[in-house]
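This report describes one protein chain, from its overall make-up to single residues. Please look at the sequence and the structure first.

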Amino acid sequence: MDDIASIVKGVTRLSLIILAGLLMGWALHPESRIYSLGMALGMVAGLVNTRYLSAKVRKVAHAVATQQTRAFSLGFITRISFALLAVMFSVKIEHFSLELTIAGLFLPQLLTIPVGIYLSVKKMI
């Protein structure tokens with residue numbers, strides 16, 4: 001389970017770096033503010049969903065390891081509700097790009113792949 005925690009920690013750091021770049025883009029390039037804010041909103045929601053999913057996976061793994069017999073859930077309804085809330089916020093407020101909000105929802109999950117590969121290669125060396 002340490003692997004999942006280290007991957008999520010790496011994804012969080014990388015996402016925060018990207019978010020800082022987006023906020024700098026928002027501050028320095030006024031013509032693209034709508035795109036920067038849309039991507040930032042989607043990335044924040046996606047990052048929360050990624051961290052929530054990893055916490056649920058750790059709970060399920062702990063329950064399986066200790067042979068508990070209670071019902072499991074990965075929190076799909078909670079995560080989809082949070083994503084829909086971000087999309088509705090983007091649609092309702094015109095300062096966010098809907099397309100980039102949706103793209104930003106998936107970015108932290110996609111970042112888990114290169115971060116996981118990087119961490120596994122780093123351990124092998």
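A surface patch is built from residues with over 30% relative accessible area and no salt bridge; like charges are joined within 9 Å, and nonpolar side chains (Val, Leu, Ile, Met, Phe, Trp, Tyr) within 5 Å. A salt bridge here is a side-chain nitrogen of Lys or Arg within 4 Å of a carboxyl oxygen of Asp or Glu. Accessible areas come from the Shrake-Rupley method with a 1.4 Å probe, and for residues only the protein chains shown count as cover.

The model is predicted: local features need pLDDT of at least 70, side-chain atom pairs count only at pLDDT 80 or more, and totals for chains, interfaces and linings use all residues. Residues are numbered from 1 along each chain as its sequence is written, and side-chain values use heavy atoms, with hydrogens and water left out.

**The chain as a whole**

The protein chain has 4 helices and 0 strands, in the order α-α-α-α from the N terminus. Helices (H or I, at least four residues) and strands (E, at least two) are DSSP runs, numbered from the N terminus. Along the principal axes, the C-alpha atoms fill a box of roughly 55 × 40 × 15 Å. The accessible surface is about 8300 Å², and 72% of this belongs to carbon and sulfur atoms. Of the 125 residues, 30% are buried. Buried means under 20% relative accessible area, exposed means over 50%, and partly exposed is in between (1.4 Å probe, protein chains only). Contact means heavy atoms within 4.5 Å. Among contacts between residues at least 6 apart in sequence, 70% join residues at least 24 apart.

**The nonpolar patch**

Which residues make the nonpolar surface patch of about 720 Å²? They are Val91, Leu98, Ile102, Phe106, Leu110, Ile113, Ile117 and Val121. Helix 4 (residues 98-124) gives the most to this patch, with 7 residues. Val91 is found in helix 3 (residues 76-92).

**The nonpolar cores**

A nonpolar core is a set of buried Ala, Val, Leu, Ile, Met, Phe, Trp, Tyr and Cys residues joined through side-chain atoms within 4.5 Å. The largest one has 7 residues: Leu41, Ala45, Ala83, Ala86, Val87, Phe96 and Leu105. Helix 2 (33-65) and helix 3 each supply at least two residues of this core, and helix 3 gives the most, with 3 residues. Apart from this core lies another of 5 residues, including Leu19, Met39, Ala40 and Met43. Leaving aside neighbours within four places in sequence, Leu41 is in contact with Ala86, Phe89, Ser90, Phe96 and Thr101.

**Aromatic rings and single residues**

Rings of Phe, Tyr and Trp (its six-membered ring) pair if their centres lie within 6.5 Å; planes under 30 degrees apart count as stacked, over 60 as edge-to-face and the rest as tilted. The count comes to 1 aromatic pair. The ring centres of Phe89 and Phe96 are 5.4 Å apart and the planes are at 50°, so the pair is tilted.

Phe76 lies in helix 3. Gln67 lies in the loop between helix 2 and helix 3, and its phi is near 55°, a positive value in a residue other than glycine.

The table gives the accessibility of some residues.

| Residue | Relative accessible area | Class |
|---|---|---|
| Val91 | 55% | exposed |
| Phe76 | 52% | exposed |
| Gln67 | 69% | exposed |
| Phe89 | 38% | partly exposed |
| Phe96 | 15% | buried |
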